[in-house]
Amino acid sequence: MDRRHFLAGTAAVVVLPLVPAAATPDSMAEAIRKVVGPATPTEGRVKLDVPPLVENGSTVPLTVSVDSPMTAADHVKAIHVFNEKNPQPNVFSAELGPRNGKAVVGTRIKLGDSQRIIAIAETSDGKFWSAGAEVIVTLAACLEEAT
């Protein structure tokens, strides 16, 4: 690479506007469609435990549990969590199997604003179960711009 090509590439990067990435309800719905395909998640069997009011969006405790016997014939294959206003609509996905014993995943997440969180569980029989929760955030996180 010569100097001219390097400077032209650098100038192109500087001229492009920096637009922060932002999930929307539509992008969340599209991310969910990519996971579930043509199936429609059914409400139930999933419990989403997240505080309804959060003072600091930087560390929001979240636990997803699914009512499942976790046997070889009937178990949770994956748990997916989505949001509608963070920079990306996918919060996380966790793969599970019958040897997990319980279908429970707990973590802390960042929330950039008050928004809806949706958890979807995929079971070994190909069905999808869901739960949702509204979270009010008083001090937002995830305010960095896309680079």
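The structure holds 3 salt bridges, a salt bridge being a side-chain nitrogen of Lys or Arg within 4 Å of a carboxyl oxygen of Asp or Glu. The model is a predicted one, in which local features need pLDDT of at least 70 and side-chain atom pairs count only at pLDDT 80 or more, while totals for chains, interfaces and linings use all residues. Residues are numbered from 1 along each chain as its sequence is written, and side-chain values use heavy atoms, with hydrogens and water left out.

One of the salt bridges joins Arg33 to Glu30, with the closest N and O atoms 3.1 Å apart. Arg33 and Glu30 are separated by about one helical turn, because they stand 3 residues apart in helix α2 (residues 25–36); helices (H or I, at least four residues) and strands (E, at least two) are here DSSP runs, numbered from the N terminus. Arg33 is partly exposed, with a relative accessible area of 45%, and Glu30, at 35% relative accessibility, also counts as partly exposed. In these terms, buried means under 20% relative accessible area, exposed means over 50%, and partly exposed lies in between (1.4 Å probe, protein chains only).

A further salt bridge is formed by Lys77 and Glu122, whose closest N and O atoms are 3.7 Å apart. This pair links distant parts of the chain, since Lys77 belongs to strand β5 (residues 76–83) and Glu122 to strand β8 (residues 115–123), 45 residues apart. Lys77 counts as partly exposed at 37% relative accessibility, whereas Glu122 counts as buried at 18%.

Arg116 and Glu134 also form a salt bridge, in which the closest N and O atoms are 3.5 Å apart. Here too the pair links distant parts of the chain, with Arg116 in strand β8 and Glu134 in strand β9 (residues 128–139), 18 residues apart. Arg116, at 25% relative accessibility, counts as partly exposed.

Pro51 lies in the loop between β2 (46–49) and β3 (53–56) and, at 25% relative accessibility, counts as partly exposed. Although Pro51 and Ile136 are 85 residues apart in sequence, their C-alpha atoms are 8.6 Å apart in space. When neighbours within four places in sequence are left aside, Pro51 is in contact (heavy atoms within 4.5 Å) with Val60, Pro61 and Val135.

Ser68 is placed in the loop between β4 (60–66) and β5, and is buried, with a relative accessible area of 14%. A polar atom of the Ser68 side chain lies 3.2 Å from the backbone nitrogen of Met70. Beyond its neighbours within four places in sequence, Ser68 is in contact with Arg45, Asp74, His75 and Val76.

Glu84 occupies the loop between β5 and β6 (90–95) and counts as buried, at 14% relative accessibility. The C-alpha atoms of Glu84 and Leu111 are separated by 9.8 Å, the two residues being 27 residues apart along the chain. Not counting residues up to four places away in sequence, Glu84 touches Ala23, Thr24, Pro25, Met28, Gln115 and Arg116; Arg116, among these, is the residue that forms a salt bridge with Glu134.

How values were computed
Polar contact = N/O pair within 3.5 Å; in protein donor to acceptor, adjacent residues only side chain to side chain.
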